[in-house]
Amino acid sequence: KQEVTQIPAALSVPEGENLVLNCSFTDSAIYNLQWFRQDPGKGLTSLLLIQSSQREQTSGRLNASLDKSSGRSTLYIAASQPGDSATYLCAANQAGTALIFGKGTTLSVSS
Amino acid sequence: DTAVSQTPKYLVTQMGNDKSIKCEQNLGHDTMYWYKQDSKKFLKIMFSYNNKELIINETVPNRFSPKSPDKAHLNLHINSLELGDSAVYFCASSQYQSYEQYFGPGTRLTVT
């Protein structure tokens, strides 16, 4: 049974820092991996989706990588801003199932 | 244009009542989902429908019954509400099963 773990659970950084959020999964037979952002009291916004055949995806200041063999994905945020403060969720998608979510990393960027 | 919408956004009700949450997507997707986010913010799949057919039914009390009248709609009916049902319920859709999922804004259910 797939399990997804995110470390750290919370992270505080000053504005301008580059940072990495970690996600690990136990079953490497994934179809894709999706990163989301959730602001307090809001829904989920899809940030990046990496197909199992891909190594990374980029969108603006965000870069997500995927290493299926080691069961790991990272979300790199460059030049962090206070507006990046939110909870970041990763979710693994296996064929024929729904998303299996990690518990998220709550990021706080101070100005 | 709203891609995945849910109504209501907030729902406060008493124990024992029956309530429904509605979800609609205008993306032309074939697959829709219901997820539950508990008080610890953990998201977990409840149900999934593909072309109006139930394909995923996780271990959920049978007081919860999804209904898909057509591909664009997936409703969630809850009977005999309990305190533990208080949570945020998210609807999502994807073009096909296992493709990128798009989420609705959520429905915050509070059972008193």
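1. A disulfide here is a pair of cysteine sulfur atoms within 2.5 Å. By that rule, the whole structure holds two disulfides over all chains. The model is predicted, so local features need pLDDT of at least 70, side-chain atom pairs count only at pLDDT 80 or more, and totals for chains, interfaces and linings use all residues. Residues are numbered from 1 along each chain as its sequence is written, chains are lettered from A in the order in which they are written, and side-chain values use heavy atoms, with hydrogens and water left out.

2. In chain A, Cys23(A) is joined to Cys90(A), S to S 1.9 Å. The link is right-handed, with 70° about the S-S bond. Cys23(A) sits in strand β3 of chain A and Cys90(A) in strand β9 of chain A, so the pair ties together parts 67 residues apart in sequence. Strands are DSSP runs (E, at least two residues), numbered from the N terminus. Cys23(A) counts as buried at 2% relative accessibility, and Cys90(A) counts as buried at 0%. Buried means under 20% relative accessible area (1.4 Å probe, protein chains only).

3. In chain B, the sulfur atoms of Cys23(B) and Cys91(B) are 1.8 Å apart and form a disulfide. The torsion about this S-S bond is about -75°, so the disulfide is left-handed. Cys23(B) and Cys91(B) are both buried.

4. The largest nonpolar core has 23 residues; Leu33(A), Trp35(A), Leu75(A), Ile77(A), Tyr88(A) and Leu107(A) touch the most other members. A nonpolar core is a set of buried Ala, Val, Leu, Ile, Met, Phe, Trp, Tyr and Cys residues joined through side-chain atoms within 4.5 Å. Strands of chain A that each supply at least two residues of this core include β3 (19-25), β4 (32-38) and β9 (86-93). Apart from it lies another core, of 19 residues, among them Tyr49(B), Leu74(B), Cys91(B) and Leu109(B).

5. Between the chains, 22 residues of chain A are in contact with 17 residues of chain B. Contact means heavy atoms within 4.5 Å. The buried area is about 1500 Å², of which carbon and sulfur atoms give 56%. This is the accessible area (1.4 Å probe) that two parts lose on being put together, summed over both. Leu44(A), Ala98(A) and Phe101(A) supply 28% of the area that chain A buries against chain B, more than any other three residues.

6. The largest share of the side of chain A that touches chain B, four residues, comes from β4(A).

Technical notes
Buried means under 20% relative accessible area, exposed over 50%, partly exposed in between (1.4 Å probe, protein chains only).
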